[in-house]
Amino acid sequence: MTNSTQTSYSSGRPTLSSARFYPPAASLGLAAPLLAALIAGFLYPVSRLVALSFSGGSLDHFRRIFTEPLHLGVLLSTIEVAFVVAISSLVLGFPVAYLMARLRKGLAMAVAACVFIPLWTSVLIRSYAWVVLLQRNGIVNELLLGMGVTEGPLKLIYTQSAVILAMTHVLMPFMILPIYSALRALPPDYIRAARNLGAGPVRAFVAVTLPLSLPGVFAGSVMCFVLALGFYITPALVGGPGSMLMATLIGQQTTVLLDWPFAAALSTMLLAVTLLFVLLFRRTLSLSKGLNSVH
Amino acid sequence: MSIDQAQMRGHLPAGLAVSTSPTIHACARAAGILVVGGGIGCILFFLLLPTLIVVPMSLSETDYIEFPPRGLTLKWYSVFFNDPDWMAATWFSLKIAVATTATATVVGTMAALAIVRGSLPFRTALQALALGPMIVPHIILGVALYLAFAPLQLTGSFFGFLVAHTVLAVPYVIITVTASLQRFDPTLELAALNCGANRLQAFFLIVLPNIVPGVAAAAVFAFLASFDEATVAFFISDIGGKSIGRKMFEDIDFNLTPVIAAASTVLVATSLLLMCAVHFLNARKPNSGN
């Protein structure tokens with residue numbers, strides 16, 4: 001510690017040379033409790049977990065992931081499911097975001113409520129609702145039978161389609177909010193200009209609105225994809241043995257088979273895959289967009 | 001088409017635009033609006049359906065899940081409020097959520113001040129690290145926290161949950177308070193400092209009153225992040241200390257009765273009330289220029 005960095009602060013009053021005018025010591029003091037919490041509840045536990053996966057100084061656990069087709073298959077199908085969930089959230093979420101951005105204030109609020117109410121309903125409750133909706137004598141089956149679409153009840157729950165449907169439902173708000181932010185930031189004059197120059201509504205949308213909403217589309221897609229990679233509650237309740245994902249496999253290894261070192265290796269693997277995608281798409285990933293559009 | 005017409009088409013609401021064949025055009029438009037509107041209506045229904053369905057489920061007279069529910073009864077609410085297991089889990093979760101709200105809001109607001117106003121060399125790294133618990137899959141955090149807490153006998157303990165849930169809630173606080181601070185004009189704080197206030201006085205008299213809606217919203221997010229959390233709670237619960245999330249997870253897996261629907265309805269109502277509070281707070285947001 002040298003005093004040289006602090007001299008500029010200790011002499012004279014703070015000035016508006018920049019908006020950052022808390023001296024280093026005070027800043028460190030303000031950040032210290034957060035650092036302590038993060039070390040105790042995040043960094044230390046996660047590094048212990050990673051260390052356990054290399055226990056005995058060997059890579060045996062990792063070799064197991066790649067040599068047993070079942071485990072490799074689970075990793076690949078997790079990435080596949082996350083991808084499908086991100087795409088379906090985009091396809092269903094874009095029109096909702098577009099509507100929210102274009103409607104008059106009162107109506108836009110009503111649409112926003114449809115997005116925020118599920119967002120703040122616990123994931124557990126929404127997964128439970130999907131169990132109820134999709135079960136053998138559930139509402140969806142009753143409806144299909146009543147309309148004469150099927151002869152007998154369909155097996156809807158405990159399938160991969162059920163997992164994709166329920167996860168799309170849970171993650172769609174994370175797609176809608178960044179797209180909505182991007183569309184709101186788009187000056188309406190641009191579209192008017194396009195229309196004045198002779199573009200029809202479709203042409204104006206494709207040439208102006210769509211390209212300018214792409215940052216939101218990317219942010220939402222990456223967010224959905226990354227969150228889907230590590231989903232536990234929904235696949236555990238709605239999925240079956242045939243539709244195992246990484247998180248459910250880790251859960252099974254810890255709670256049923258009690259193979260902690262292998263569970264640690266699977267966790268390290270999932271962590272690595274998640275961080276890889278986060279780093280790849282770092283610039284498009286905007287965590288704050290979703291939350292701040294609440295305001 | 002004349003320039004005037006083109007301008008009118010751009011400026012008037014779309015429905016009023018007049019083109020060469022008005023009736024056919026209007027019909028096509030109406031059909032288009034009907035199809036698109038219907039499609040979006042279906043998506044909105046899809047979004048709301050799972051939240052709405054728990055209410056009728058909780059009122060069913062049968063002791064298994066059936067739709068449409070048969071009869072109307074409040075007995076599942078009385079089962080929920082009289083079952084010692086459900087009540088123990090609810091109170092345990094409430095206590096943790098209240099404590100988490102306090103710690104996460106204070107710790108997160110302090111850190112947000114350091115990030116926005118401070119001169120820390122590792123500012124961006126700290127921010128990225130603080131948002132880490134949002135990105136890292138919760139199953140990994142659950143397993144990791146179990147491994148760290150079990151030897152210290154912190155599983156199922158109030159303190160163990162408090163640490164875990166504070167880390168999970170703090171990203172919401174940092175995001176929300178950072179945004180509030182960035183909207184607040186720093187010259188006001190500098191003016192207070194130059195008028196002789198010390199940093200604490202400047203914070204409590206000038207900064208805090210201006211960012212209080214953001215801090216309050218952050219507190220609500222922290223509460224919900226803790227109270228609704230189930231994945232990490234699943235791993236760090238034990239027989240002695242079980243959160244409502246863990247209790248619900250067990251019951252959905254092994255014991256699917258309308259009591260879960262009653263519990264869900266209570267939780268949804270809590271979340272919605274708090275959400276309305278956030279909305280109300282933000283509607284009354286003071287102008288930073290005042």
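Buried here means under 20% relative accessible area, exposed over 50%, and partly exposed in between, with a 1.4 Å probe and protein chains only. Keep that in mind as you open this predicted model, where local features need pLDDT of at least 70, side-chain atom pairs count only at pLDDT 80 or more, and totals for chains, interfaces and linings use all residues. Residues are numbered from 1 along each chain as its sequence is written, chains are lettered from A and ligands numbered from 1 in the order in which they are written, and side-chain values use heavy atoms, leaving out hydrogens and water.

**Stop one: chain A**

Select Ala108(A), in helix α5 (residues 105-119) of chain A; helices are DSSP runs of H or I, at least four residues, numbered from the N terminus. Ala108(A) counts as buried because its relative accessibility is 12%. Then pick Val96(A), twelve residues from Ala108(A) along the chain: their C-alpha atoms are separated by 9.9 Å.

**Stop two: chain B**

Colour domain 1 (3-57) and domain 2 (77-287) of chain B separately; the bounds come from an automatic or database domain assignment. Their C-alpha centres lie 40 Å apart. Four residues from domain 1 of chain B and five residues from domain 2 of chain B make the contact.

Technical notes
Helix = DSSP H or I, 4+ residues; strand = E, 2+ residues; numbered from the N terminus. Contact = heavy atoms within 4.5 Å.
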